[in-house]
Amino acid sequence: MAEIRAARGRVQPSLTRLENTFDEVNTRNEISIQLSRLDNLLKEFERLDSILSLEESELQEFEERYFNLNAKFNDKLDELNARNQGRTQNSITSNSNVSNFRLPKLSIPQFSGNFKDWINFKDLFVSTVHSQVSISNIEKFLYLKGLLTNEPASLIKHIPISNDSYEEAW
């Protein structure tokens, strides 16, 4: 019986670790994994506790902690699902607005760094790409990279493509 109590005693710290790391778990996959671990801990604790006498049972306290933590994980999962559903709705709305936009069929000449070509390039690029609010900065950056050659291209080739880096490149 001492072995059973010791084995049951090893399950309780596992539950404590799950409780202590609750705030660090933030994705649906992590929550699903923790809920599965939590269920396994309860089954193992119930199995070990059932072997002991009623006086030695600690199942009620363990179940209270289990149900409390299970509810917290499920609440967090519900919050994530609600946030993701809201994002999906916003994405569908914004994508439907953007999908109707097409760049005009203009040919913007590539810019090689020759100063005499700068004003034409800049005016065309600003009017057709840069000033378009329905184009993301990443897309603007990709257009810019595709239109630069020689020195201007080499100046921005190491800038990572991201929303924030477009302004730096421009």
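The model is predicted, so local features need pLDDT of at least 70 and side-chain atom pairs count only at pLDDT 80 or more, while totals for chains, interfaces and linings use all residues. Residues are numbered from 1 along each chain as its sequence is written, and side-chain values use heavy atoms, with hydrogens and water left out.

**Exercise 1.** Find which residues of α1 are buried, and which exposed residues sit on the face turned away from them.

*Solution.* Buried means under 20% relative accessible area, exposed over 50%, and partly exposed in between (1.4 Å probe, protein chains only). In α1, the buried residues are I4, A7, R8, V11, S14, L15 and L18. Seen down the axis of α1, they fall within an arc of 105°, so they line one face of the helix. The arc is that of the directions from the helix axis to the C-beta atoms. On the face turned away, α1 carries the exposed residues A2, R10 and N20.

**Exercise 2.** Work out what covers the buried residues of α5.

*Solution.* Start with the helix: α5 spans residues 137-147, and its buried residues are K140, F141, L144 and L147. Seen down the axis of α5, these fall within an arc of 130°, so they line one face. Their cover includes α4 (115-130), α6 and α7.

**Exercise 3.** Is S165 buried or exposed, and what does S165 contact beyond its sequence neighbours?

*Solution.* S165 is found in helix α7. At 5% relative accessibility, S165 counts as buried. Contact means heavy atoms within 4.5 Å. Leaving aside neighbours within four places in sequence, S165 contacts F141, I159 and P160. F141 is one of the buried residues of α5.

**Exercise 4.** Say what stands out in the phi of N150.

*Solution.* Most residues other than glycine have a negative phi. N150 is not a glycine, yet its phi is positive, about 50°. N150 lies in helix α6. N150 is exposed, with a relative accessible area of 56%.

How values were computed:
Helix = DSSP H or I, 4+ residues; strand = E, 2+ residues; numbered from the N terminus.
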